[in-house]
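Colleague: I have a model open and want to talk through a few parts of it. Can we start with the strands?

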Amino acid sequence: MSHVSLNLVLFNRLMRPCVQFIRDHELFGEVHTSPSLYNLDLQVIRDPGSVLLKRSIHSRSIVDQHALALGEKVQQYHSKNMQLLADLFKNKALPSSSVQTVKSLSSDPQLSKDWAYFAPLQKALASHQVILVKGATGSGKSTCIPAALLATEPQGKIIVSEPRRVAAISLAGYQQQALPGNLRQAVAYAVRFQSTVTLETKLIYQTDGVTLQYLLDDPCLLNVSYLILDEIHERSSNQILLLAIVLRVIRYNPKVRVILMSATLDEVQLLQYVRRYTASTSISLDNPHYSTDVSFQPCREDYILQIVDEIVTLHTTTTCLDDGILVFLSGADDIAVCLALLWERLSVLGTGRQGERPWVVIPFHSKIPAQQALYPFMPITGRRRIILATNVAETSVTIPGIRYVIDSGLQKRMMYLPEHSTSVLVVVPITISSHMQRKGRVGRTQQGTCIFLYPKYVVENEMLVNPHSTLQFEPIDHIYLMLQSFSQRFKESFPSFSLCLEVTDLIDLVDSTKLSLTKQTLYYSYLLTTTSPSSITRQPTLCISVAGLVATSLPVSPRTALFLMVAYYYGVQREACLIAAGLEVGWDDFLGTNNVPSLCQGSDHLSLLYALVSPLSKTGLASQSYHQANQVAHQLEDVLDRTFKLHKDTLFEFLRSYIQLPDLIANPSLATETGDIIRLCLALTSHMTVAQRTSTGFCTLFSGAIVNPSSKSSCAGTTSSFLVYNHSVVIANKVIAICCTELNEHMLKLNRWLAVGTPFEVISQIPKVTPQTTKLGFRRNVKR
């Protein structure tokens, strides 16, 4: 009997549906194991036994412990604090004292010459196309130089490219208050999903990603007089690509001038790199005249409580409420917990003379809306300014009234997981350049004090001098795609132009295996396609597809762009834009309430959609996240409509023929409801993150890695055989899938890269691997 039962179990297991990824062996060769992650410890610090490294490793558990103990108080204190800030800064503008310096040099075109460094800068710009400006923090690089150039009334635009969104918004707001009335309308900012640029705009502060998008429309910078790349030392992937492109195209436009600025860059190394392409020189700005006291403290295990204790001590021992405190933490979750603990500790100290709290806590990180990004710079009287910030506050901004800086020594970096085809944010120690930048937040307008919550020997012996390029950590699919798109568009005007990731100096920063995986990801996502075999190598080559060109025009990741294209094809682009906007704002913000997962059991994507189309009062979501997501969705839909007007016919033909999208009119049983069509779009475009249930968890089809849905997900405890997820996080050495949706095998069968059926049926669908002739082997055959 047991023998019969065993055979029945084996038979059922063999007949159970399964899915396997179909690979193109002729193009990419044999399947090889994805490379293991870089040794992150040695990539972010010199000593793997560093106390600061241990703090970064345990930081997530420390924050989670406090969040669990505080419970709903975290959200309650956050809402209460934001309402207080909204009331406090209502109808307020930037203080006039903080903009006096810029006014003095830009109120009249002739007054710009009064700025001490304008003469050497003007002389350098007259004889060189590229200028390197190195100056200490607070020397006026991000404010005085653009204002001085604007006062000369250039013919073209002045673009200041910033690595961070918050810096672009705050600097533009600062300049709008600083400049005289006739020039205020000439200043604007442009970040992803937000722009205040008009026809009258002459000075634009924008992020590096927006600058790359601008280059697609104006590749020779014909409408630009000055391009300023700020904080060039950070070596982000967008910065590296931007600099590589600009240095190659400015020879086609000798009128444009490029200014590279930083306080901590390696001047000699950068000049050597730039001089490969054009003549360049450098100028230096003097340091601020105010001294800064430095204090190093031992590392405590609970650094959140250590920060709170330091803030409370400073607040109770210093009587002058005008002396502000700037605190550097790693992320928004740290800030939320620290804010709640501060409210509990400071509230028991009592109120001021007029019954008001003698302090105000201001969060400052990358997720805050544009209006709230100006809160740290607003005038405050009778209250101590306590700013809880991430590394967005360590460069390009001067916050008025800051007397004390408290540094945790931590930051977050994006880390690419090739085996999961996704990225995660990892808390890591800062570098010496970040240490100096944070120290430079004080001593600008008055004497200051820096309190570093780690020993001095950590800086001297353990920290890296400068951060490694983000090309080593982050995914490069958008970089590779943008480079392909730019090269193709530029060749239309200049056929001899050549720029590709394989042959430029960028190759030194990109691992060859990672580059191969990037090509595979883009190819299997239909964003790269093959051309006819070369007469020399007799092998097909990869080039950007129509879908890839459209993806570079959309302000989202390549995978999300493909999802939006297919959704547009099926007429559910409005719903798809809402889902994409919710993911951009932050899925964790919506999972903070227990109402969202229950809206649609088995699909976080649809739960997010229903939450954003439902009235706010019925969802229990935070008002800020709800309205921000809807605003982003409207802007994304407008961009999608404008892009499809240019490429609709060719793109739809590509989607029908190459991706082989099914016709829902001819096959109405596939999907009739909006929710079913969204699931179908996910099944057709997210095959890189499709996972199949196994005995140990869900196994990703592309790489074989194990993931499991988040406990907050509507797919937690699911009995479905297949699911797709948006991204993943690493918690306690386990990979957790975020934003999951259950899929059935009938929808997965429609994906051309997936073989679905019983094990015997799947084997019959997988093409046989033919022996592949390598380049070396081909040459040997020819020689024979």
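**Strands and a helix**

Modeller: This is a predicted model. Six strands make up an open sheet, ordered S10-S17-S14-S11-S13-S12, and their pairing is parallel.

Colleague: Which are the edge strands?

Modeller: Strand S10 (292-296) and strand S12 (359-364); each of them pairs on one side only. From one strand to the next, the twist averages 15°.

Colleague: How many bridges join S10 to S17?

Modeller: Five, with S10 and strand S17 (residues 448-452) running parallel. Threonine 292 is opposite glycine 448 of S17.

Colleague: And at the S12 end, what does helix H15 lie across?

Modeller: Helix H15 (residues 332-347) lies across S12 and strand S13 (384-389), and H15 runs at about 175° to S12.

Colleague: Changing topic. In which sense do S20 and S21 pair, parallel or antiparallel?

Modeller: Antiparallel, over four bridges between strand S20 (residues 690-694) and strand S21 (residues 697-700). S20 and S21 form a hairpin, with two residues between them.

Colleague: What stands opposite glutamine 692?

Modeller: Cysteine 699 in S21.

Colleague: Now H24. Mostly covered or mostly open?

Modeller: Mostly covered: of the 10 residues in helix H24 (residues 604-613), eight are buried.

Colleague: Which ones are buried in H24?

Modeller: Asp604, His605, Leu606, Ser607, Leu608, Leu609, Ala611 and Leu612.

Colleague: What is there at the start of H24?

Modeller: A side-chain oxygen of serine 603 comes to within 3.1 Å of the backbone nitrogen of leucine 606. Leucine 606 is one of the buried residues in H24.

Terms used: Residues numbered from 1 in each chain as written. Predicted model: local features only at pLDDT ≥ 70, side-chain atom pairs only at ≥ 80, totals over all residues. Heavy atoms only, no water. Buried < 20%, exposed > 50% of the residue type's maximum accessible area, 1.4 Å probe, protein only. Polar contact = N/O pair within 3.5 Å; in protein donor to acceptor, adjacent residues only side chain to side chain. Pairing = 2+ DSSP bridges. Axes fitted to C-alpha atoms, helices over the stretch in contact; angles between N-to-C directions. Contact = heavy atoms within 4.5 Å.
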